[in-house]
Amino acid sequence: MFINLLRFRFRDGVPEEKKARALEAISRTAKSEAVSFSVVGRDLGNPADGFTHASCVGIADLSALKRYFDDPLHRAGDLLFLPLVGRLWRMALTDDADPALGEKIQAMHAEKMAGDPEWAALLAAIPDLQLKG
């Protein structure tokens, strides 16, 4: 099982209706067939950390992760969501014992970025981006 946790806040000045549409898009993505479970909502961490929202998805294995990455619903959601994000923190974790798993996931992510320069540029344009794991 892979867990992908995002904590984020929207850029200053993003209207509430755009935030709501972006959260709906993330929720749709989190319900894709490749996702085993998900939670999208408020971040309950320390407000001083600067995050207002969070998303967590559980994905069963590498095959499901590939389907999740390649799902057109995922890309469409990110195209709505990423331009509005002012701060994004990501952490990934797993219970899989494969010592090469992190490298396999990094390679899959690099392939996605290389194959979709528009998506990669949107991710790179987030002012405060922290990716872990």
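Two strands count as paired if DSSP finds at least two bridges between them. Helices (H or I, at least four residues) and strands (E, at least two) are DSSP runs, numbered from the N terminus.

The model shown in these views is predicted, so local features need pLDDT of at least 70 and side-chain atom pairs count only at pLDDT 80 or more, while totals for chains, interfaces and linings use all residues. Residues are numbered from 1 along each chain as its sequence is written, and side-chain values use heavy atoms, with hydrogens and water left out.

**View A. Strand 4 and its partners.** Strand 1 (residues 2–10) runs antiparallel to strand 4 (residues 85–94), and nine bridges connect the two. Look for Arg-7, whose bridge partner in strand 4 is Trp-89. Strand 4 also pairs with strand 5 (residues 128–132), this time in the parallel sense and through five bridges. Here Leu-88 faces Leu-129 of strand 5.

View B. A pair of aromatic rings is described by the distance of the centres and the angle of the planes. Rings of Phe, Tyr and Trp (its six-membered ring) pair if their centres lie within 6.5 Å; planes under 30 degrees apart are stacked, over 60 edge-to-face and the rest tilted. The whole structure holds three aromatic pairs. One of them joins Phe-8 and Phe-10 edge-to-face, at 5.7 Å centre to centre with 90° between the planes. Another, Phe-8 with Phe-81, is also edge-to-face, at 4.8 Å and 80°. This second pair links distant parts of the chain, since Phe-8 belongs to strand 1 and Phe-81 to helix 3 (residues 72–81), 73 residues apart. Together, ring pairs tie Phe-8, Phe-10 and Phe-81 into a cluster. Phe-8 and Phe-10 are both buried (under 20% relative accessible area, with exposed over 50% and partly exposed in between; 1.4 Å probe, protein chains only). Phe-81 counts as buried because its relative accessibility is 2%.

**View C. Charges over tryptophan rings.** A charge sits over a ring if NZ of Lys or CZ of Arg is within 6 Å of the ring centre and within 35 degrees of the ring normal. Arg-7 lies over the face of Trp-89, 5.9 Å from the ring centre. Lys-112 does likewise with Trp-119, at 4.6 Å.

**View D. Helix 4 against helix 5.** Helix 4 (residues 101–115) packs on helix 5 (residues 117–124) at about 105°, with axes 5 Å apart (lines fitted to C-alpha atoms over the stretch in contact, angles running from 0 to 180 degrees between N-to-C directions). The two helices are therefore roughly perpendicular (65 to 115 degrees; under 35 is roughly parallel, over 145 roughly antiparallel and the rest oblique). Contact (heavy atoms within 4.5 Å) involves residues including Lys-112 and Met-113 of helix 4 and Trp-119 and Leu-123 of helix 5.
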